[in-house]
Structures are given as structure tokens and as C-alpha cells.
Amino acid sequence: MEASTALSRIGLAGLAVMGQNLALNIADKGFPISVYNRTTSKVDETVDRAHQEGNLPLFGQYNPRDFVLSIQRPRSVIILVKAGAPVDQTIAALSDHMEPGDAIIDGGNEWYENTERRIQEVSGKGILYLGMGVSGGEEGARNGPSLMPGGSYQAYSNVQDILHKVAAQVEDGPCVTYIGEGGSGNFVKMVHNGIEYGDMQLISEAYDVLKNVGGLSNAELGEIFAEWNRGELESFLIEITADIFKVKDDQGDGELVDKILDKTGMKGTGKWTVQQAAELSVAAPTIAASLDCRYLSGLKEERENAANALKEAGLKEEVGPVMTGVDKKRLIDDVRQALYASKICSYAQGMNLLRAKSNERGWNLNMGELARIWKGGCIIRAVFLDRIKKAYLRNPNLASLVVDPEFAKEMVQRQAAWRRVVGLAISAGISTPGMCASLSYFDTYRRSRLPANLVQAQRDLFGAHTYERVDRPGAFHTEWTKLARKSDAGVGSFH
């Protein structure tokens, strides 16, 4: 549309694919929007798309001042630029023309402490600030993402009507909620991405076992994942996995999936999640295993060399259905159960990390509500998030999903299949680090007594770190070596 004298309801700066799509989504919902980008060709491109996609009320602006002044007060401006320095540059360019009570909403994958710094910096000018996680990729941005806004509640209130319409819609409401103060929105999005790493890793392990132990073809795999997507595993990632197996290679024989180089890329949110878990002393082994696998996948040449070196050293590859005379039907069902149980553990780790951070920062995160807004729009959207929501409704102080009565039953029902899959994979030499990490997590968490008593004794022996006792209060220290020598002298040897 031509520039208009009427003011826009909201503005959006940063018109890469995500920015364009979110702007078009907002306009599509009937909210007039101004858009701006430093490279002006992107503004023209977005204005053209708005025209083609239904003469949407979207207005191009070509400098920061015109852009800001074209928005009605109190102004709300979404920025979608690369995290880090570009965000600071964009804030500087826009805030020069903004007034007290106006708000900036950063929709990028930003480190949460950067958002907290910016909240402070712009508050000097009376500007409000939100750090808003946006999930769902470019398709979600255009048709309904999951939104995780944190920071100024006033800034959220100013755009709540827009966010409610723009977000993905599920039966219990729009996939957006006010997350909490400070950088909580960014932190929740970061953990969402960590959970996503775990999910993708677990699915790839299910594929590996079915293909290399079960000997399944891509056609069979496509059918199995499509069938799984009609049951408890129904989710975006399972659905797209079924589609991936069906795509033929247009440059050769067979399916495209087999031609893809096995080196995984990453942007850093998974690493941040694992670092935060360590900082907060929260075990997140499934998410950590998925990160380690991405690192190892990057060592393609080293892995090829290792395969040759170990073959020369006499290692026999025992891969394939021949190995065990595998019962395919049973294996498929076992893998489905192992995947589901492993997933529960992975989500339990993510939720526990969110709870620990919430306690540390006083964010008061509502775990059930987080599960709810992930039910639609986002990459980890899944039917079983509704069950997670209900678990936290039953008990908001739930220590772990693993002990929720419903999930506990499901874990117990599936553990035999889970152990069979992991055992089979281990004996076949197929690594399943995510499933193994989830199973170890489950087996460690459910044991009332662990061998940590021995570790405490060692720490006391070499570092006098003291230990506690199970039968009386207080801290104790023992002269272990002296007493051990004395008992040697007294007992004699075992011969």
C-alpha cells in the first residue's frame, strides 16, 4: 500500500524471512503495521508480498524517524535482527525518535542477560522493553507461532490483543502468555531449543536402530513415523520426519535423506542450555548428550579414519537384522516405547532447569502454562504437552515429571521395551546416547540409595571434605589411611 496518513498500530524492524512473515501475519490479522529495514530492497519486497497476499495493511518506511513517527502512541516496535551487536545498533537508531511509554520488543534468540541489560539501558529514556522468544520457524511466523514474551508487563499489555491473535491457536487459547520479569522470555525460549535438541537426537536414534538393527527401508520408516504420529508421539517433529523419508533424490537414485552429509549445524542455544544447567546444578544429560552428538558429528573425517583404524585392529561391525534375527514388529513397537519414555525424561530435565532458574531469579514461572503455549506453533509442539500441562495443574510443585502419577505409570509400562532397545543397540554397536542418558537419568533418580557414599569417603580421605552419616546428624572426618593400615596389620592378608 501507499504510505498512509493514518498511524499504524505497531511497527516491525528487521525484514529477513522471520521478520517479513511475522509482519505479514500481524497485517493479516487486521492490525495496520509499519515496517522498516536498513537495506531498503527488503522493505519493497515486504510491501510487494503484502500486496500479493491480500492487500494487507502494511506500510513501508525508509528511515528510522519516519518509521517510528508512523506508529500510534504508546508505540510498540518489534525488532527481528541478528542477536548481539545488531540489536544494540537497532535500539540506538530507533530509541532516538521514541518517547517515554513507548516499547521495544526484541523477537530474536537473545541471551537473556543481554535483554536484562537493555531493559536497564532504555529505562533511562522511559522506554519499556520485552525480550520475546518466537518459535515455529518461518511457517510459524506467518501462520501462528508460539510466543514467549518476558520483561515489562505494561509493554505486554499494550500489545496483548495483537499477540493473542497472531499466535498459534489451540483448544485452550492462544500460544502466548506473559512469561515473567527480566530476561525470562528469552530464557524459556532457550530451554525450548534445548528440549528441541534432545527431541531431534532421540528421533535420530530411533531411526538409526530401526534402519541398522531392524533393516527397515526408507519407505517403511516413512510409514512407521506417520503411524506414530497418529498416537501418543503425535508432534511436529515426528510428522516432518515421516515426510523426510518420502522425498526422492532429484539428482540420483533413492531417497534424498541418504545423500545428506551427516554433520549437524547449530546456533548456540543448545550449548547455552547445557551451560545453564551446569551453573544451576541441574542434571540435563539427554540435552547434553544431544549437544555432544552434534560435536562428534562434526568430526566426519576423524570418524571415517577411526572406522578404518578399528577395522584394521580387528573390530567386526555387527550391524543389521542378520545379527539377531530381529523380530521387526516387536522392535518397531519397542522403539516407539523407548522414544516416548526417553522424551519424558528429556522434558523433565528441561522443566527442572526452568524451575531452578525461576527460583534463582524470582520469575515465578508457571510450568503448566509454558507447556500449554508450546502445544501449538512451535517446533516442539506435541500432543503430550497437554499431559505435561495437566501434570503441573495436578501439582504445581511437582518435583519431576517422572513422579507425576500418570507419567510414572507410563514409564513403568514402557521400561522393559526401553531396556530391550538400549541393550540391543549396545550389543549391535549402535550408539544411542540420548536414550541411554534418559534411561540412566531415570534409573539414578528413582533409586533411594546411590554409590555416592563411596565418592564422599574418597573426598574425605584425600581432601578432608568431611561427610554426613545416615544414622546421626553432624559432619564427620575420618583418618581413613591410618585406620586402613591398622586394620591391615591386624587382619593379615587374604591368602
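Are F384 and F407 buried or exposed? Both F384 and F407 are buried, where buried means under 20% relative accessible area, exposed over 50% and partly exposed in between (1.4 Å probe, protein chains only).

A word on the model: it is predicted, with local features needing pLDDT of at least 70, side-chain atom pairs counting only at pLDDT 80 or more, and totals for chains, interfaces and linings using all residues. Residues are numbered from 1 along each chain as its sequence is written, and side-chain values use heavy atoms, leaving out hydrogens and water.

Now to the rings. There are 19 aromatic pairs in the structure; rings of Phe, Tyr and Trp (its six-membered ring) pair if their centres lie within 6.5 Å, with planes under 30 degrees apart counted as stacked, over 60 as edge-to-face and the rest as tilted. Here are two of them:

| Pair | Centre distance | Plane angle | Class |
|---|---|---|---|
| F384 and F407 | 6.2 Å | 75° | edge-to-face |
| Y441 and Y445 | 6.1 Å | 5° | stacked |

F384 belongs to helix α16 and F407 to helix α17, so their pair ties together parts 23 residues apart in sequence. Helices are DSSP runs (H or I, at least four residues), numbered from the N terminus. Y441 and Y445 sit four residues apart in helix α18, about one helical turn. Y441 counts as buried at 10% relative accessibility, while Y445, at 37%, is partly exposed.

Elsewhere, W111, Y112, F187, W272 and W363 make up one aromatic cluster. F187 is also among the contacts (heavy atoms within 4.5 Å) of L354, which include V188, V191 and W374 when neighbours within four places in sequence are left aside.

Key
Helices (H or I, at least four residues) and strands (E, at least two) are DSSP runs, numbered from the N terminus.
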